[in-house]
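Here are my notes on this one, as numbered points. Have the model open while you read.

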Amino acid sequence: VFEGLMWYPQGTGEPEPCLAESYEVSPDGLTYTFKLREGVYFTNGEEFTSADVAYSWEARKSFNASEFSNIAGWECPDDYTFVVNMTTPRATFIGELCEIYWRVVSKKAYEEYGFSDNKAAVGTGPYYVEEYVPGAYLTLKANENYWNKEYMPHIETINMEIITDANTAFIALQSGDIDMLQGIDSIQKSLLESDDSYTIYAYPDTCIDTLFFNTSCAPFDDIEVRKALSYLINKEDVVAAAFDGEGVPSNSIWPSNSSMYCTDEEISQYYTYDVEKGLQILQDAGYAPSDISFEILAPSSSSKQVAAVENIQAQLMGLGMNVTITTYDRPTYMSYIRDQDYQCAIHDVGVTLDQNNAWANSFLSDGLNHFNNFAASDPEFQQTIDDIWYEASACSERADQDAILKDGLLLLAEHYAYLPLVEKSSFYAANSGLNGMIVSSAATIRFYGLYWDE
């Protein structure tokens with residue numbers, strides 16, 4: 001529905017201009033000048049101009065200021081020119097503009113209807129929203145006047161059913177009520193593999209399922225408790241119980257194909273399964289296992305994540321701890337995380353295209369999710385984390401930035417801010433009548449990266 005100035009064609013390769021026709025970067029890396037495409041129209045009939053880009057960026061900044069940390073401002077010299085001024089160079093900026101967060105909305109539509117009205121969902125993309133009922137379904141229709149003739153939509157109607165319970169969604173696939181289902185688990189996969197009516201699409205998941213600890217509330221305000229849990233949880237058991245072996249235990253919050261991946265050699269001193277050592281850490285800190293009581297938050301829509309925390313619950317209760325689990329539909333679950341109203345939560349950080357934004361959203365004091373909440377529990381350490389981000393953001397070379405941010409991840413591991421669990425594989429299931437459809441393996445792309453081969 002929405003497009004940005006740049007994009008990754010089919011989720012791969014180098015960033016290419018999208019709503020921008022071309023761009024130039026000043027020799028000092030501080031000024032980006034985008035020449036916008038002429039003759040592009042929103043699906044409400046309004047022509048796309050630089051004013052729409054400026055409006056979209058202002059709206060995004062009000063929602064998540066951390067992404068604009070070294071952007072001094074922007075201007076619109078004319079309808080088809082958009083100029084961005086930086087305070088320091090930003091090595092990843094062009095790649096970032098491919099991400100969903102930088103899509104352009106219709107200024108007129110949002111001013112007319114407001115952000116809470118479905119009628120405001122007006123973009124320049126290959127589809128438009130025909131109907132949306134929150135919590136029920138979303139219907140997209142092909143945009144017959146789409147400007148990019150090379151990528152004209154070949155599927156006339158897409159009905160997205162919103163089913164928050166994973167088992168209910170699987171039953172809907174089997175009954176033919178839906179044609180395609182994202183994120184089936186290993187048991188569901190095995191049930192469908194022998195049935196010619198379905199095609200299974202496998203892809204490496206770029207998100208690491210991770211436990212995050214809210215350090216501003218007990219018992220995780222004590223680093224010794226966080227440290228003890230890193231020794232007491234058997235990740236091999238979690239992989240076997242929740243993922244049926246479709247994944248590997250991980251010590252890094254970033255996937256193994258990332259330049260910010262922390263190897264076992266670099267991080268094993270923090271994350272090693274050793275029950276005896278974990279219990280000794282608790283004892284030395286003055287705790288008996290029965291003193292430790294907490295709740296794990298999980299999204300009900302992910303059967304794998306729910307199964308993972310159920311396994312962790314069983315492990316820790318077997319040691320004498322009191323561990324409960326609360327599940328919510330994903331929007332409610334995310335609201336608790338963003339309000340810092342939780343003790344411990346399982347979450348997978350999406351890092352496919354825009355790792356630096358994922359880093360900022362996860363750990364900065366003004367990040368969208370701001371896991372751990374060190375801003376409340378340890379402001380001095382939080383300032384250190386913020387400074388690491390600002391130093392990295394000022395790098396003109398991506399490799400230099402990634403090296404700084406990786407050091408930041410190791411520092412967070414030293415403070416036991418999180419416990420990485422599993423690097424997993426994920427699967428789609430589709431009605432075999434859809435054979436020929438190409439599903440992008442890029443996690444951030446997959447929600448709109450559906451193409452049809454020749």
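1. Trp-7 first: with a relative accessible area of 18%, Trp-7 is buried (buried is under 20% relative accessible area, exposed is over 50%, and partly exposed is in between, with a 1.4 Å probe and protein chains only). Trp-7 sits in strand β1, residues 6-7. Helices (H or I, at least four residues) and strands (E, at least two) are DSSP runs, numbered from the N terminus. Between Trp-7 and Arg-103 there are 9.8 Å in space, C-alpha to C-alpha, and 96 residues in sequence.

2. A word on the ground rules. This is a predicted model, where local features need pLDDT of at least 70 and side-chain atom pairs count only at pLDDT 80 or more, while totals for chains, interfaces and linings use all residues. Residues are numbered from 1 along each chain as its sequence is written, and side-chain values use heavy atoms, with hydrogens and water left out.

3. Now the whole chain. The protein has 15 helices and 18 strands. Its radius of gyration is 23 Å, close to the 22 Å that the globule rule gives for 454 residues, so the protein is as compact as a globular protein of that length; the radius is taken over C-alpha atoms, and the rule is 2.2 Å times the number of residues to the power 0.38. Along the principal axes, the C-alpha atoms fill a box of roughly 70 × 55 × 40 Å. Of the 454 residues, 51% count as buried. Among contacts with a separation of 6 or more, 68% come from residues 24 or more positions apart (contact means heavy atoms within 4.5 Å).

4. Helix α1 checks out on length. Its 14 residues (50-63) should span 20 Å at 1.5 Å a residue, and the end C-alpha atoms are 20 Å apart, which agrees; the expected span is 1.5 Å times one less than the number of residues. The buried residues of α1 include Val-53, Tyr-55, Trp-57 and Arg-60. What do the buried residues of α1 pack against? They pack against strands β4 (31-36), β5 (71-78) and β6 (81-86), and against helices α2 (93-96) and α3 (107-113).

5. Strand β8 (residues 137-142) is largely enclosed by the rest of the structure, because five of its six residues are buried. Strand β7 (residues 127-133) runs antiparallel to β8, with six bridges joining them; two strands pair if DSSP finds at least two bridges between them. Tyr-132 has Leu-138 in β8 as its bridge partner. β7 and β8 make a hairpin with three residues between them, and Gly-135 in the turn has a positive phi of about 80°. β8 also pairs with strand β9 (residues 157-161), in the antiparallel sense over five bridges. There, Lys-141 is the bridge partner of Thr-157 in β9.

6. Strand β13 (residues 293-299) is mostly covered, with five of its seven residues buried. β13 pairs with strand β14 (residues 322-328) in the parallel sense over seven bridges, and Leu-297 stands opposite Thr-326 in β14. From β13 the chain crosses through helix α10 (residues 303-317) to β14, a right-handed β-α-β crossover; right-handed means that, with the strands pointing away from the viewer, the path from the first strand over the helix to the second runs clockwise. β13 pairs with strand β15 (residues 344-348) as well, in the parallel sense over two bridges, and Ile-296 has Cys-344 as its bridge partner in β15.

7. Some backbone geometry to look at. Ala-218 and Pro-219 are joined by a cis peptide bond, with omega about 0°; Pro-219 is in the loop between β11 (198-213) and α6 (223-232). Asn-373 is not a glycine, yet has a positive phi of about 55°. Asn-373 lies in the loop between α12 (355-363) and α13 (374-377), and is buried at a relative accessible area of 11%.

8. Last, the region around α15. Leaving aside neighbours within four places in sequence, Asp-402 contacts Ser-259 and Met-260. Tyr-416, in the loop between α15 and β16, has a positive phi near 50° and is not a glycine. Tyr-416 counts as buried at 6% relative accessibility.
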